[in-house]
Amino acid sequence: MANHPLDTTLFDKAVLFAVRAHAGTERRGKGFPYIIHPMEAAEIVATITPDPELLAAAILHDTVEDTSVTVEDIRREFGDRIASLVAAESDIELAGQSEEESWHARKQAAIDRLAAASHDAKIVAMGDKLSNMRAISRDYAVIGDKLWNIFHVKEKSEHAWHYRGLAASLSELSDTFAYQEFKELISKVFPE
């Protein structure tokens with residue numbers, strides 16, 4: 001059976017943009033190209049919605065946070081809605097503090113921002129957060145508590161707090177398979 005035609009112009013443009021933005025970078029401690037993570041995030045979003053702008057935002061979600069791309073670059077190339085969705089997924093920087101020093105405050109701000117975010121922003125975030133949790137779960141199964149050493153914050157309890165907070169903020173999506181997998185992986189890696 002042949003695949004049905006689908007207009008993928010916007011998604012294709014976003015993929016090419018993200019590939020260029022993340023070119024030559026590795027997913028932290030993984031040994032593979034960074035772009036694989038945004039591609040997985042988009043695949044997860046596709047299980048929730050076929051909306052091409054949400055799929056594009058999922059592919060682009062780390063370009064502002066992890067590359068020299070700005071929200072204005074995204075707005076110019078992809079419009080206001082996608083730029084807003086990417087901005088909602090981007091970590092804020094706290095002046096005068098290292099990533100380690102500001103980690104808890106940045107993660108609390110992200111949890112709070114996500115709790116107040118639009119349904120669409122939560123869908124994009126779900127793609128990112130489930131992709132991250134899948135990687136954590138796989139790595140934890142192989143190397144156990146040594147995993148936390150690759151992060152800026154080394155305490156497992158801090159990561160448990162963060163992911164439980166994200167799950168609470170994303171609970172609006174509790175009827176999706178993606179959210180249910182997210183909760184299951186959190187319980188597996190961070191049993192209470």
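The protein chain contains ten helices and zero strands, assigned as DSSP runs of at least four residues (H or I) for helices and at least two (E) for strands, numbered from the N terminus. The radius of gyration, taken over C-alpha atoms, is 16 Å, close to the 16 Å given for 192 residues by the globule rule (2.2 Å times the number of residues to the power 0.38), so the chain is as compact as a globular protein of that length. The model is predicted, with pLDDT of at least 70 required for local features and 80 or more for side-chain atom pairs, whereas totals for chains, interfaces and linings use all residues. Residues are numbered from 1 along each chain as its sequence is written, and side-chain values use heavy atoms, without hydrogens and water.

Along its principal axes, the C-alpha trace spans about 45 × 45 × 35 Å. Of the 192 residues, 44% count as buried, that is, under 20% relative accessible area with a 1.4 Å probe and protein chains only. Among contacts (heavy atoms within 4.5 Å) with a separation of 6 or more, 66% are between residues 24 or more positions apart.

His119 lies in helix α8, which covers residues 119-143. This residue has a relative accessible area of 37% and is therefore partly exposed, the class between buried and exposed (over 50%). Not counting residues up to four places away in sequence, His119 touches Glu172 and Leu173. The C-alpha atoms of His119 and Leu170 are separated by 9.0 Å, although these residues are 51 residues apart along the chain.
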